[in-house]
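Hi,

Here is the structure I said I would pass on to you. Have a look at it first, and then read my notes below.

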Amino acid sequence: MTYQILTINPGSTSTKIGLYQDTKEVFAQNISHNTTDIAQFFSITDQIQFRLENINSFLASQNVNPSDFSAVVGRGGLLKPMVSGTYQINDCMLADLKHSRYGAHASNLGAILADLIARQGGCPGYIVDPVVVDELAPVARITGRPEIGRKSIFHALNQKAAAKRFAKSINRPYDSLKLIVAHLGGGISVGCHACGEVLDVNNALDGEGPFSPERAGTLPAGQLAARVIAEKLDYAAIARLLAGQGGLVAYLGTNDVREVEHRAAAGDKQATLVYQAMIYTIAKSIAAAAVPVCGQVDHIILTGGIAYSEQLTGKLKEYIGFLAPVTVMPGENELQALAEGAYRVLTGEEAAREYIA
Ligand SMILES: Nc1ncnc2c1ncn2[C@@H]1O[C@H](COP(=O)(O)OP(=O)(O)O)[C@@H](O)[C@H]1O
Ligand SMILES: CCCC(=O)OP(=O)(O)O
């Protein structure tokens with residue numbers, strides 16, 4: 001029997017979808033949403049119908065019908081912290097996402113859209129390795145203030161998939177390796193993987209870690225507090241400052257690293273300085289990620305869209321090459337990883353986990 005699996009990965013400016021026969025790609029499509037399209041919606045959940053119509057019209061153009069699907073699987077969003085795995089979409093998961101109970105991010109739409117299409121097709125809906133996979137070591141949870149604990153919010157799907165792909169390529173079990181995985185995209189997360197768990201990782205969404213094309217990363221807390229008070233910023237304004245309007249967007253007005261490289265090559269000194277600073281903060285985060293394993297790192301993996309830049313990966317290797325060998329795995333294989341997660345459940349290799357609010 002061949003399973004037909006539809007995968008959905010909603011990003012802030014795109015909805016990526018893929019159709020898989022078992023784990024083999026039939027097609028993958030990146031539906032881009034321009035800023036004007038997205039700007040008409042007040043909240044992430046206001047975009048549900050718009051994104052659903054985009055997906056349905058693309059599927060119709062390919063003569064694909066929801067009744068063809070064995071399962072629909074979406075990228076998992078901001079939910080209660082959970083262990084890595086494939087989760088059946090259920091009502092309490094959908095309620096938490098629709099009410100943004102744990103925060104708002106485009107990935108929240110993954111389960112909602114997967115559920116709507118799975119209902120049309122009469123098949124199960126799943127999420128895999130959502131952004132809230134939490135395997136932090138106890139010491140990694142403590143900050144300097146007892147009322148503020150650290151949170152694990154990161155590119156779990158791509159980090160796990162890249163780490164497992166790398167392990168397979170060297171014929172080693174994933175859980176036998178000590179790896180640092182840096183997902184370098186619109187947001188950046190750097191995780192330390194050991195014994196098959198991500199012992200420490202920066203919260204890629206909420207003002208922690210390196211700055212990125214659109215995230216502020218770690219900011220001096222006192223100065224941030226002073227600005228919030230001086231400018232009377234509400235929570236939504238602070239969240240925008242940290243994610244969406246931070247990093248390269250704040251300094252240079254673009255989230256496109258290719259454009260920054262072109263400007264730098266054309267002699268733009270500010271673009272050069274800010275770009276080099278971003279690389280420097282990524283390198284510092286990678287070096288810090290060696291601490292949970294006392295520096296005994298087997299390998300460093302650079303992945304995500306920015307890892308296509310040889311300029312960036314070359315400079316990173318100069319900074320952190322002393323730690324361990326570096327492998328560049330550019331782009332992300334999130335659609336493939338989603339299909340594989342659903343396939344493991346459909347074939348009975350793994351049981352679907354239940355989300356409990
Ligand atoms: N060939 C390339 N060289 C440098 N940067 C690139 C290249 N291709 C994409 N990027 C950058 O990658 C970033 C998006 O990465 P991606 O992993 O798709 O993001 P996200 O984490 O939001 O899914 C953008 O800043 C984009 O400019
Ligand atoms: C929410 C953490 C993962 C993340 O930052 O994803 P994007 O880079 O796709 O926004």
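How many cavities of 30 Å³ or more does a search of the whole structure find? The search finds one. Before the details, some housekeeping: this is a predicted model, where local features need pLDDT of at least 70 and side-chain atom pairs count only at pLDDT 80 or more, while totals for chains, interfaces and linings use all residues. Residues are numbered from 1 along each chain as its sequence is written, chains are lettered from A and ligands numbered from 1 in the order in which they are written, and side-chain values use heavy atoms, with hydrogens and water left out.

**Empty space**

Rolling a probe the size of a water molecule over the atoms shows where empty space is left. On a 1 Å grid over the protein atoms alone, a cavity is a set of points where a 1.4 Å probe fits but cannot get out, and a pocket is an open set with protein on both sides within 12 Å along at least five of seven lines; lining residues have an atom within 4 Å of a point. Points are joined across faces, edges and corners, and a volume is the space filled by probe spheres set on them.

The largest cavity has a volume of about 40 Å³. Its lining has 13 residues, and Ala204, Glu208, Pro210, Arg215 and Gly217 are nearest the centre.

The largest pocket holds about 1400 Å³ of space. It is lined by 40 residues, with Ile44, Ala104, His105, Arg240 and Ala243 closest to its centre. Two helices (DSSP runs of H or I, at least four residues, numbered from the N terminus), α1 (35–39) and α7 (235–242), each supply at least two lining residues. The most comes from α7, with five. Sorted by class, this lining has 20 nonpolar, 12 polar and eight charged residues. Here Ala, Val, Leu, Ile, Met, Phe, Trp, Tyr, Cys and Pro count as nonpolar, Asp, Glu, Lys and Arg as charged, and the others, Gly among them, as polar.

**The ligands**

As for polar contacts with ligand 1 (pairs of N or O atoms within 3.5 Å), a polar backbone atom of Gly305 is 2.9 Å from a ligand oxygen, and a backbone N or O atom of Gly186 is 3.2 Å from one. On its own, ligand 1 exposes 580 Å², and the protein buries 73% of that (Shrake-Rupley method, 1.4 Å probe).

Which residues are around ligand 2? They are Arg75, His105, Val131, Ile153, Phe154, His155, Gly187 and Arg215. An N or O atom in the Arg215 side chain is 2.6 Å from an oxygen atom of ligand 2, and one in the His155 side chain is 2.8 Å from a ligand 2 oxygen.

Cheers

Technical notes:
Polar contact = N/O pair within 3.5 Å; in protein donor to acceptor, adjacent residues only side chain to side chain. Near = heavy atom within 4 Å.
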